[in-house]
Amino acid sequence: MSARVLVVSLRDRLDKKVFGLIAKEGEVKEVTREELRQQPIPAADVVLLNCGPESMEVGQEMLSRLKSKDEGLPVIFLTKLTGVDHAVEIMKSGAFDYFQIPPNLEKLKLAFERALRTSEMHRRMSLLESQVGWEDRLDDIVGISPQMQEIFQMVKTVARSNATVLIIGESGTGKELIAKAIHRHSDRAQNKFIDINCGAIPKELLENELFGHERGAFTGADRQYIGSCERAHGGTLFLDEVSEMDPSLQVKLLRVLQERSISRIGGTEKINIDIRVIAATNKDLRVEVDKGAFREDLYYRLNVVPIHLPPLRQRRADIPPLAQYFLDKYSKENEKRFRGFTPEAMESLVQYDWPGNVRELENNIERIVVLHEDSRVKPSFLPRFIVNTEKKAELESSEWDQGFQKILPLKTVEQYAIESAIKRCMGDVLTAAKKLGIGQATLYRKIKKYGIKAA
């Protein structure tokens, strides 16, 4: 679907060169002030307000009317008026950008493309905010991307069995939430969900935590202790960061999976247990097996049903609903009035790579809600490392310094173009290569050259 561009001419008709430029990008409808008096404002994605010096006041009134109709509608102001005061006044009135007539066509094209992206993001946010319920979620896990929808279906399917599940994903992707969802959708939901972080407990304590001990088993053991395996009887035992488990304990865990029984430390009696084991790791266990750090037989016992959780940078479509979910959650908890994001703020969130994944996104949204007061999250509320405007400012700036534009090294421009293309193509290198007009092999060489993350 092509963009809908509305040109409102309060002076002469739009210059043919400018008209031709925007006509390449979408369907253009040009109306005069008189025509607008006789009809409602047509639907548009971007508006070009063509205003002469004698109609400046009318132009600002029209700008106000357009913004009242649609707060997120980008309006680009064209005028013959010069001077910083006029530019500031126009921008304060809510214009998306401001150009003197005749405009620089290259700069106008860049502004027009940014306006289209802003308009698209605003439409997405409006749709998101209009949703009363969250159909694209599983319990507390939000995700509209195909990857997450596939995982949701897998969770519901595997929950009906007793199969051991191995969840693989980077830190912060929500492995524990997936484990809890499997438990809640299983026949074991009425029984306990016991979780243990194998990387956070020393070896000696972890064995005791897993299997428990008898009274007198060691110095200080003045009473019997029931371990997690026993307490999870009838329910689910979740072993987070299982790759960190000591090899001696791996042997004992393997025996539990094979025999479905345990012996407490210091005890001789075998205790039968009925548990469903779900393990999680942020490492590639196959690599750990090859390194000799993880038992191969235990790997196969755990890897019955693998679930791979993709990092947030590989499913950017989930960022807007996740951000809105956390904004609603923490606004309610902190009695704030936030209800959404400006398109510019959301675009910054979508473009950021989120190395800490969903956990990092949640923490940043909570921080924003706690520290700021407004109805919408603005770019100024975001940490600088998320906004990351330095390269964009250099490449897209329409500011001129002493009559000449800053010239950037070709290397900087090329690196930014590649990074931007990969981000906008959601990590799809083949599509990014096509958009850049180069071969896939060439793009891979340049990715390696600049050390760019392709995922």
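Which side chain makes a polar contact with the side chain of threonine 236? In this predicted model, the partner is histidine 183, at 2.8 Å. A polar contact is a pair of N or O atoms within 3.5 Å; within protein, one must be able to donate a hydrogen and the other to accept it, and residues adjacent in sequence count only if both atoms are side-chain atoms. The model is predicted, with local features needing pLDDT of at least 70 and side-chain atom pairs counting only at pLDDT 80 or more, while totals for chains, interfaces and linings use all residues. Residues are numbered from 1 along each chain as its sequence is written, and side-chain values use heavy atoms, with hydrogens and water left out.

Histidine 183 sits in helix α7, residues 175-184. Helices (H or I, at least four residues) and strands (E, at least two) are DSSP runs, numbered from the N terminus. The relative accessibility of histidine 183 is 6%, so the residue counts as buried. Buried means under 20% relative accessible area, exposed over 50%, and partly exposed in between (1.4 Å probe, protein chains only). Beyond four places in sequence, histidine 183 touches Arg188, Ala189, Asn191, Lys192, Phe193, Gly235 and Thr236. Contact here means heavy atoms within 4.5 Å.

Aspartate 318 is also buried, with a relative accessible area of 0%. Its place is the loop between β14 (305-309) and α13 (319-333). Not counting residues up to four places away in sequence, aspartate 318 touches Gly143, Ile144, Ser145, Met148 and Leu312.

Backbone geometry was examined next. Most residues other than glycine have a negative phi. Aspartate 139 is not a glycine, yet its phi is positive, at about 55°. This aspartate lies in the loop between β6 (137-138) and β7 (141-142). Its relative accessible area is 26%, which means that aspartate 139 is partly exposed. Asparagine 357, likewise not a glycine, has a positive phi of about 60°. Asparagine 357 belongs to helix α15, residues 357-371. With a relative accessible area of 0%, asparagine 357 is buried.

Cysteine pairing was then searched. The whole structure holds zero disulfides, a disulfide being a pair of cysteine sulfur atoms within 2.5 Å. Cysteine 198 is in no disulfide, and the nearest cysteine sulfur, that of cysteine 229, is 10.0 Å away. Cysteine 229 is in no disulfide either; for this residue, the nearest cysteine sulfur is that of cysteine 198. Cysteine 198 has 3% relative accessibility and so counts as buried. Cysteine 229, at 1% relative accessibility, counts as buried.
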